[in-house]
Amino acid sequence: MAYLDVIIVLALAQFIFLGVKVGSARGQFGVAAPATTGNPAFERVFRVHQNTLEQLIVFIPACYGFFHYWKDPEWLILIPGIVFIIGRFMYSSSYSKDAAKRGPGFILSILSNIFLILGTFIGALKSLAMG
Amino acid sequence: MAYLDVIIVLALAQFIFLGVKVGSARGQFGVAAPATTGNPAFERVFRVHQNTLEQLIVFIPACYGFFHYWKDPEWLILIPGIVFIIGRFMYSSSYSKDAAKRGPGFILSILSNIFLILGTFIGALKSLAMG
Amino acid sequence: MAYLDVIIVLALAQFIFLGVKVGSARGQFGVAAPATTGNPAFERVFRVHQNTLEQLIVFIPACYGFFHYWKDPEWLILIPGIVFIIGRFMYSSSYSKDAAKRGPGFILSILSNIFLILGTFIGALKSLAMG
């Protein structure tokens, strides 16, 4: 489980870090809680965090599922895991500046998610077929 | 694990699909990122996706917990799993047209979630009672 | 798994309860779906639910990871688990009244999350170091 857990921990720490950035953006752009709108620069930082949440709800169970079926070698999970995390950093850094540039980072992490759920699906079907 | 993983994969694929619909609704109703408000038709599609996220954070761990205690037969997890997914499709198709009609699909998936967490709770308490 | 599952079930039940409060706040403050803005008192109740979602995406996998490495005694998971749940009740009760008072409950649950992910990280690294 150790490689899987390292990836999960890094992705969760990144998510907490992106949440801290939302907190600072509240001060920087003058958007007091509970508001989440009113300043486009704040909204971009806020949407980075929210979109990462939408990606994590897929990424985390898909990592567990993938790892269950493809653990030879165990470090294989590091590849989609690191691609996901790099994609999220790209997404954060580009989207915070300009919403039009958020594509590449988004695509990197969604491709990693699709790879993980396809791997889980194929693994589960093979396991059912072999009884 | 295979039946459990098939249900998880289908629910996650459905969530990605509902996210793709938010992306197309941005173009269709002229709501550019980072905005998430401004057009009620867009907001309905957006809320379907967000509410499904709020349901998945319960559904996924509750599926794992339920499956851990109730795996005789293993395919039992398919019943609450399929009910949840059907509920989410009903929710999406009705809410996208009219917010007032979102009730039945919501109820179907929340009942599935309550069934899964009650099953997990009962299984865990039985396991603690038997030491 | 039983102590872990009891904590997960309680945290999920609390999240459903906070969602029910959002539903009643829609009626009470006159904010009809799909809107999520327009009344600060509604927005505070709505943000409590959303922020709890942002905390749960970390809490749940971090509980699984922590429990995997630190299960002697098995009930150890109850400590960060109960601290998290108490933190969320404090957050809900204070934030619903006044956004400026949301700090202490937030800090309690984020500290619990940081403790859980650090515990998972240390457990995973020890496991990798010992081969």
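Where in chain A is A:Pro34 found? I looked this up before anything else. A:Pro34 sits in the loop between α1 (2-29) and α2 (40-69) of chain A. I note here that the model is a predicted one.

**Entry: cis bonds**

From A:Ala33 to A:Pro34 the bond is cis, and its omega is near 5 degrees. I found another cis bond from A:Asp72 to A:Pro73, again with omega near 5 degrees. A:Pro73 belongs to the loop between α2 and α3 (78-95) of chain A.

**Entry: chain A as a whole**

I went through the elements of chain A. The chain has four helices and zero strands. Read from the N terminus on, the order is α-α-α-α. I then took the extent of the chain along its principal axes, and the C-alpha atoms fill a box of roughly 60 × 25 × 20 Å. Chain A has 131 residues, and 47% of them count as buried. I also looked at contacts between residues at least 6 apart in the sequence of chain A; 65% of these join residues at least 24 apart.

**Entry: one residue in chain B**

I picked B:Phe42, which lies in helix α2 (residues 40-69) of chain B. Is B:Phe42 buried or exposed? I found 21 other C-beta atoms within 10 Å, so B:Phe42 is buried; the cut-off for buried is 20 or more. I set aside the neighbours within four places in sequence and listed the remaining contacts of B:Phe42: they are B:Ala25, B:Arg26, B:Phe29 and B:Val31. I also compared B:Phe42 with B:Ala124. The two are 82 residues apart in sequence, and their C-alpha atoms are 42 Å apart in space.

**Entry: two helices within chain C**

Next I looked at helix α1 (residues 2-29) of chain C and its partner α2(C). Their axes come within 9 Å and cross at roughly 170 degrees. An angle over 145 degrees counts as roughly antiparallel, and α1(C) and α2(C) are therefore roughly antiparallel to each other. I listed the residues that meet. From α1(C) they include C:Leu4, C:Ile8, C:Phe15, C:Val22 and C:Phe29. From α2(C) they include C:Phe42, C:Val45, C:His49, C:Leu56 and C:Phe67. Sorted by class, the contact of α1(C) with α2(C) has 19 nonpolar, three polar and two charged residues.

**Entry: a helix pair across chains**

I then followed α2(C) to a helix of another chain, α1(A). At what angle do the axes of α1(A) and α2(C) cross? They cross at roughly 155 degrees and come within 10 Å. This pair, α1(A) and α2(C), is therefore also roughly antiparallel. The crossing of α1(A) past α2(C) is left-handed. On the side of α1(A) I noted A:Asp5, A:Ile8, A:Val9, A:Leu12, A:Phe15, A:Ile16 and A:Gly19. They meet C:Glu54, C:Ile57, C:Val58, C:Pro61, C:Ala62 and C:Gly65 of α2(C). By class, this contact has nine nonpolar, two polar and two charged residues.

**Entry: the contact of chains C and A**

I widened the view to the whole contact, which takes 20 residues from chain C and 20 residues from chain A. On the side of chain C, the elements that give two or more residues are α2 (40-69) and α4 (103-129). The largest share of that side, eleven residues, comes from α2(C). I sorted the side of chain C by class and got ten nonpolar, five polar and five charged residues.

**Entry: the contact of chains A and B**

I repeated the look-up for chains A and B. This contact takes 20 residues from chain A and 20 residues from chain B. On the side of chain A, α2 and α4 (103-129) are the elements that give two or more residues. Here α2(A) supplies the largest share, eleven residues. The side of chain A divides into ten nonpolar, five polar and five charged residues.

**Entry: how the copies are related**

Why do the copies meet through different surfaces? Only 10% of the interface residues of chain A are also interface residues in chain B, so the surfaces through which the copies meet are different.

Notes: Residues numbered from 1 in each chain as written. Chains lettered and ligands numbered in written order. Predicted model: local features only at pLDDT ≥ 70, side-chain atom pairs only at ≥ 80, totals over all residues. Contact = placed C-beta atoms within 7 Å. Nonpolar A, V, L, I, M, F, W, Y, C, P; charged D, E, K, R; others polar. Axes fitted to C-alpha atoms, helices over the stretch in contact; angles between N-to-C directions. Parallel < 35°, antiparallel > 145°, perpendicular 65-115°, else oblique. Left-handed = near helix turned anticlockwise from the far one by under 90°. Buried ≥ 20, exposed ≤ 12 C-beta atoms within 10 Å, placed from the backbone.
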